[in-house]
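Have the sequence and the model open as you read.

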Amino acid sequence: MRISVFILLLTFLLLASTGSSLESGTIFSVQPGTGYRCVYVSLPQDLGLSYLNETTETIIETDKEESPWVDMTYSKVVMEPGVINKNPVCFYYSEEEEGKFSFYRISLSSRDLGISSAISGGLCVSDYEDVDTGVEATNETDICDLLNENSDIIDLSFKEDVTQAKPGEVVKKTLYVTSYANLRIRLSIATNLQNDFGNPVVTTSPTKPTAVKTFEINAPEKEGNFGMIVLAQAEGCEIQACKKQKQSVLSVTKKGKEGFTSSVIPKNINLKEARETTFRVVISNYDESQDFLIEASSDPSLGIEPVSKTVRVGKNDEKTTIFKAFPEDDDLYRIEFKITSEKSEKLLTSYLSIGELLTDGLRYAKAIERTSTPGVGEKIRRAMEEYEESYNQSSYSEGINEYQDFIDTIDEIKETSKTDDDGKKQDGEPGEEGFNWLFLAIPVIIIVIIVLLFVAYKKSKVTDSGYQGYGYPSI
């Protein structure tokens, strides 16, 4: 019995430690044939809480119809003050083939605290590893298509996703725009709140990848939560990956600010090739002055400097700590920052991908290839080889245009393989839906031959009898 308990405990710890933190709006790929993948829900932060004052319970629930690949329907979790509670959630897909996908929605609620929240997203079975965050999906969304469209060329991050303000107060919001491509990015805001955002343009480059935009928001006189969406569009680029949006909330309340907020910038970023990458951890403290320990780790492992750092942040003050990451291989890296204060712990997760424009394009092409005839599939494979060779020789900015050209090429191959008006595919193969006249012509020809033979036979019989009727000698 003790051995069984030990094995169960060990399994739980392994799942919790090797999985990644699951945040709302996260979509990700899973390798075909691997069977299952486990991630975890972090409490109390996924309930929107900075810390707990006392022990309390949280319910984690899923609906099997809404989240068919999740192997959990109900779990009751006890949360302790000052401790991160990692709760594994596992997805099972052993019988699913490449290109299949699923939606998930995980509900969190605490009756003791009177609060609730939900985490939703999706996963796609794919040979190409990918994670995208801040993406809207429903149970009818093709998650694989969504992964293909969300190459992380641009990242938008707020210093605080939720900013507290008193009624009528004017508060500052800080937005970080990150890209390692040479881009001019036009920004705009959608909100009913009074603000001085304007329509600014920021620039990014490999040497200066992050631009900062600070603006003011006027809080309404009434209490409540008020939303805003910032939109970003890279000039001269029409692909979906050059368009980003980020939501934020202004929480208006008479209650004063408390606890601390933290964020990592960028949240999800792509590089053309492995190179030094900068991450910022921003801590805003609303309690008394205190120390915060920040510890960095990654999976797979890469060099990070510093590995840990302690910063002291005064009351109503903020501190930004710079971390440098040094990837060596083309891979997808999950970088985690654990923040420990006197009262609580928090986890921040960022994703660093390398060559995502290439893998997203190849995933899209393979999806078309799977439903194509052999001749069309061969054309797609040749296009994939040419694109990969071209991508490896181009700069990041050139690669963005090449990605669009490649997608256009695949779409053109796809269109020209459809049936034309004559019932044949334009590549010369019989159409799947067109009528093949050869099947009608062969039986008609056979019938005509039979009729001609029958007529010839009848004529020969009539001639013979005629000769005899008129008294001609028979031969």
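Which residue forms a salt bridge with Asp291? The partner is Arg312, and the closest N and O atoms are 2.9 Å apart. A salt bridge here is a side-chain nitrogen of Lys or Arg within 4 Å of a carboxyl oxygen of Asp or Glu.

## Ground rules

This is a predicted model, in which local features need pLDDT of at least 70 and side-chain atom pairs count only at pLDDT 80 or more, while totals for chains, interfaces and linings use all residues. Residues are numbered from 1 along each chain as its sequence is written, and side-chain values use heavy atoms, with hydrogens and water left out.

## Salt bridges

Back to Arg312 and Asp291: their salt bridge has a closest N to O distance of 2.9 Å. The pair links distant parts of the chain, with Arg312 in strand β23 (residues 308-313) and Asp291 in strand β21 (residues 290-299), 21 residues apart. Helices (H or I, at least four residues) and strands (E, at least two) are DSSP runs, numbered from the N terminus. Arg312 is partly exposed at 46% relative accessible area, and Asp291 is partly exposed at 36%. For these labels, buried means under 20% relative accessible area, exposed over 50%, and partly exposed in between (1.4 Å probe, protein chains only).

The whole structure holds 22 salt bridges. One of them joins Glu235 to Arg186, with the closest N and O atoms 3.1 Å apart. Glu235 sits in the loop between β16 (224-234) and β17 (243-252) and Arg186 in strand β12 (residues 183-190), so this contact ties together parts that are 49 residues apart in sequence. Glu235 is partly exposed at 33%, and Arg186 is partly exposed at 39%. Glu369 and Arg381 also meet in a salt bridge (2.5 Å, N to O). Because Glu369 belongs to helix α3 (residues 356-370) and Arg381 to helix α4 (residues 374-393), the pair ties together parts twelve residues apart in sequence. Glu369 is buried at 19%, whereas Arg381 is partly exposed at 33%. Elsewhere, a network of salt bridges links Glu98, Asp127, Lys366 and Arg370.

## Aromatic rings

There are eleven aromatic pairs in the structure. Rings of Phe, Tyr and Trp (its six-membered ring) pair if their centres lie within 6.5 Å; planes under 30 degrees apart count as stacked, over 60 as edge-to-face and the rest as tilted. The ring centres of Phe197 and Phe215 are 4.8 Å apart and their planes stand at 85°, so this pair is edge-to-face. It links distant parts of the chain: Phe197 is in the loop between β13 (194-195) and β14 (201-204), and Phe215 is in strand β15 (residues 210-218), 18 residues apart. Phe197 is buried at 2% relative accessible area, and Phe215 is buried at 1%. Phe28, Phe91 and Tyr104 form one aromatic cluster.

Charges meet rings too: Lys272 lies over the face of Tyr391, 4.4 Å from the ring centre, and Lys346 lies over the face of Phe260, 4.5 Å from the ring centre. The criterion is NZ of Lys or CZ of Arg within 6 Å of the ring centre and within 35 degrees of the ring normal.

## An open sheet

Four strands form an open antiparallel sheet in the order β18-β20-β24-β22. Its edge strands, β18 (260-265) and β22 (303-305), each pair on one side only. Strands count as paired if DSSP finds at least two bridges between them. β20 (residues 277-285) and β24 (residues 317-326) pair in the antiparallel sense over nine bridges, and the bridge partner of Phe279 in β24 is Phe323.
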